[in-house]
Amino acid sequence: MNGQARRWDGLLFVAPFLLLYLLILVYPLFKGLWLSLHSVDIFGDGTFIGLGNYARLFADPIFIQSLVNTFVVTLMIVPPLTVIALALALALNRATRGAAIFRGIFFSSAVLSVTIVTLIWRFILAPDAGLLGELWTALGWEPLPFLSAPHLTLPALAITTIWWSLGLPMLLFLAGLQQIPHDMYEAAALDRASKWTTFWRVTLPSLRRTTILVVMLQTAAQLQLFGQSQLLTAGGPSGASRTAVLFMFESAFGRWELGYAAAAAEILFLIILAVTLTQYWLTGRAGEGEGGR
Amino acid sequence: MPGLILRNIRKAFKGTQVLDGVDLEVAPREFIAFLGPSGSGKSTLLRIIAGLEYADDGEVILDERRIDTLPPGDRGVAMVFQHYALYPHMTVRENMAFGLRNAKVPQAEIDSLIADAARVLEIDPLLDRKPAQLSGGQRQRVAIGRAIVKRPRLFLLDEPLSNLDAALRLRTRVELAQLRQRVDAGVIMVTHDQAEAMTLADRIVVFNDRRIQQVAPPMEIYLRPANKFVAQFVGSPAMTIIPGTLQGGGPLAIVALGNGAVVETAVHRDSLPSGAQVEIGLRPESVRVTRNGDATTSGAVELVERLGERSLVYARLKDGAAVTAEDEGVSTLKVGDEVGLRIDGGAAHLFGPDGTGYHRPAA
């Protein structure tokens with residue numbers, strides 16, 4: 001067998017994967033790039049307009065607002081989500097039956113579809129008949145118009161998303177906690193460390209990698225927030241809760257401006273790449289030389 | 001009385017008794033080794049002293065203060081863990097300072113304590129490194145340093161040498177012995193390695209089956225084992241134990257083995273319990289392979305281990321009893337050879353029906 005034949009034989013083994021990979025990942029990636037450089041609608045080939053779509057986007061106040069909304073809602077979601085997931089993991093990191101049941105309950109929201117989740121939270125947030133509204137009325141307060149007041153819609157999206165997304169970070173933190181060797185806690189006890197000191201000086205530093213992972217994954221995920229925005233508030237009122245992906249959806253499938261939407265997608269892609277790489281770079285430098293005991 | 005006193009310590013895990021009424025007194029500055037097989041309760045007892053486990057019953061008293069009711073950090077003990085348990089995200093210096101900071105020791109004092117310990121342990125150049133950047137032996141030193149800076153009244157070492165390779169283990173053993181001269185505190189070391197226990201300890205506490213079997217200095221454990229378990233657990237290879245029958249005669253016990261050989265021991269007959277059935281214990285060095293006609297019995301060779309300075313010969317007597325004997329380093333014996341064995345009766349041990357050991361009178 002000569003070298004040439006051997007190379008082609010090997011390629012046959014990876015061909016099924018390679019074919020799918022090229023078809024559903026690489027091709028759309030470049031197709032998107034190509035689309036973003038054209039003025040194109042659902043019919044016909046469109047015309048090449050260079051960076052015209054990009055120039056238009058940066059002058060489009062609706063797009064800019066959707067980007068701002070996306071950043072604001074991501075900031076509202078990721079820090080509380082991380083803290084709550086960690087707190088739940090700490091509370092449920094024990095081998096009792098009760099802890100196992102609660103782990104299941106807290107994870108269960110993660111398996112629901114976005115449709116169900118927004119439906120549930122509509123029931124809770126709707127000011128006239130919702131759970132929170134009833135509660136507020138019972139306490140003698142005016143119900144908060146979560147789904148209609150411009151300054152309350154993003155918090156409403158954030159609350160819904162935190163509730164929905166809690167499961168995975170909690171599991172990651174639980175896995176991280178179980179990796180911490182028990183004798184380190186015993187050493188801390190012999191070192192007269194209080195519970196508080198033990199948490200800050202032993203537990204939290206040991207969860208560094210997990211925390212970085214959770215924050216990066218959630219940031220990348222929430223910058224693409226879409227379903228909750230579309231289903232809970234339809235981006236309203238007057239764009240106050242329109243996220244970047246909702247903007248793309250409306251451009252592409254509402255106004256059939258495929259090139260324009262593709263250009264917006266390329267921009268969001270670059271933003272997510274930049275944000276996660278920055279997080280990685282910021283957190284990666286301080287953590288050298290760890291791992292062994 | 002200063003020192004450590006354990007009174008009637010009991011501990012069960014989920015219905016399984018692991019310590020059943022342990023009493024022990026340790027003098028100040030004494031080096032004690034807890035020796036025993038896995039699951040004998042020795043580590044549990046160490047952890048009870050440290051406060052990492054709570055005894056179901058009994059008292060732990062250190063320097064006239066009852067400590068078993070105190071949290072681990074307030075007991076005046078420091079522990080070196082088997083896997084070191086260093087904090088991976090802290091530097092060596094921070095690892096050593098952590099306990100002192102929590103105890104609100106002034107920073108200047110912390111610095112001088114760490115500097116002293118680092119000098120003694122020769123880890124000054126490592127103070128700003130993290131544990132992952134250290135070798136196993138260096139981590140071990142840091143773990144010891146972290147214990148020293150606390151100036152405890154008692155050091156607890158949990159299998160401190162088991163994670164080191166053979167060469168490093170020997171070196172660290174010597175260093176532990178030297179270190180112990182420098183600290184003004186008692187040391188309790190858990191080990192299952194009898195060589196460690198024999199070379200380091202002032203006294204060895206042999207554990208088996210939930211109880212202390214014997215507490216004695218190393219050579220006494222070796223020469224006058226309290227019972228069959230201690231006799232066979234300490235010493236390598238294990239002591240040969242053969243059933244025998246007491247013969248009539250003078251004040252010293254004479255025992256006939258199953259193959260008819262007679263061994264004249266140095267054990268006083270009147271110290272033995274009544275009854276003719278005994279077991280005789282022989283260390284390999286008291287059974288010599290001989291070729292010049294002074295053999296007291298003979299056996300068939302089953303295995304020869306050449307160790308260099310001596311050879312160990314595993315032989316079987318005619319009645320089937322297994323005996324371990326010693327031969328010169330350059331032994332030419334082969335498996336299947338019939339060899340003459342000379343039993344040194346003066347060094348023989350006798351064991352009664354309940355396993356209790358009887359020995360020649362102490363010199």
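Residues are classed as buried under 20% relative accessible area, as exposed over 50% and as partly exposed in between, with a 1.4 Å probe and protein chains only. By this criterion A:F247 is buried, at 2% relative accessibility, and A:F63 is likewise buried, with a relative accessible area of 1%. The model is predicted, so that local features need pLDDT of at least 70 and side-chain atom pairs count only at pLDDT 80 or more, whereas totals for chains, interfaces and linings use all residues. Residues are numbered from 1 along each chain as its sequence is written, chains are lettered from A and ligands numbered from 1 in the order in which they are written, and side-chain values use heavy atoms, with hydrogens and water left out.

Over all chains, the structure holds 14 aromatic pairs, where rings of Phe, Tyr and Trp (its six-membered ring) pair if their centres lie within 6.5 Å, and planes under 30 degrees apart count as stacked, over 60 as edge-to-face and the rest as tilted. One of them is the tilted pair of A:F63 and A:F247, with 5.1 Å centre to centre and 55° between the planes. Because A:F63 lies in helix α3 (residues 61-92) of chain A and A:F247 in helix α13 (residues 244-253) of chain A, this pair ties together parts that are 184 residues apart in sequence; helices are DSSP runs (H or I, at least four residues), numbered from the N terminus. A:F253 and A:W256 form an edge-to-face pair, at 6.2 Å centre to centre and 85° between the planes. A:W256 is partly exposed, with a relative accessible area of 38%, and ring pairs link A:F226, A:F249, A:F253 and A:W256 into a cluster.

The charged end of A:R56 sits over the ring of A:Y260, 3.7 Å from its centre (NZ of Lys or CZ of Arg within 6 Å of the ring centre and within 35 degrees of the ring normal). In chain B, the charged end of B:R146 sits over the ring of B:Y87, 4.9 Å from its centre.

Note on methods
Helices (H or I, at least four residues) and strands (E, at least two) are DSSP runs, numbered from the N terminus.
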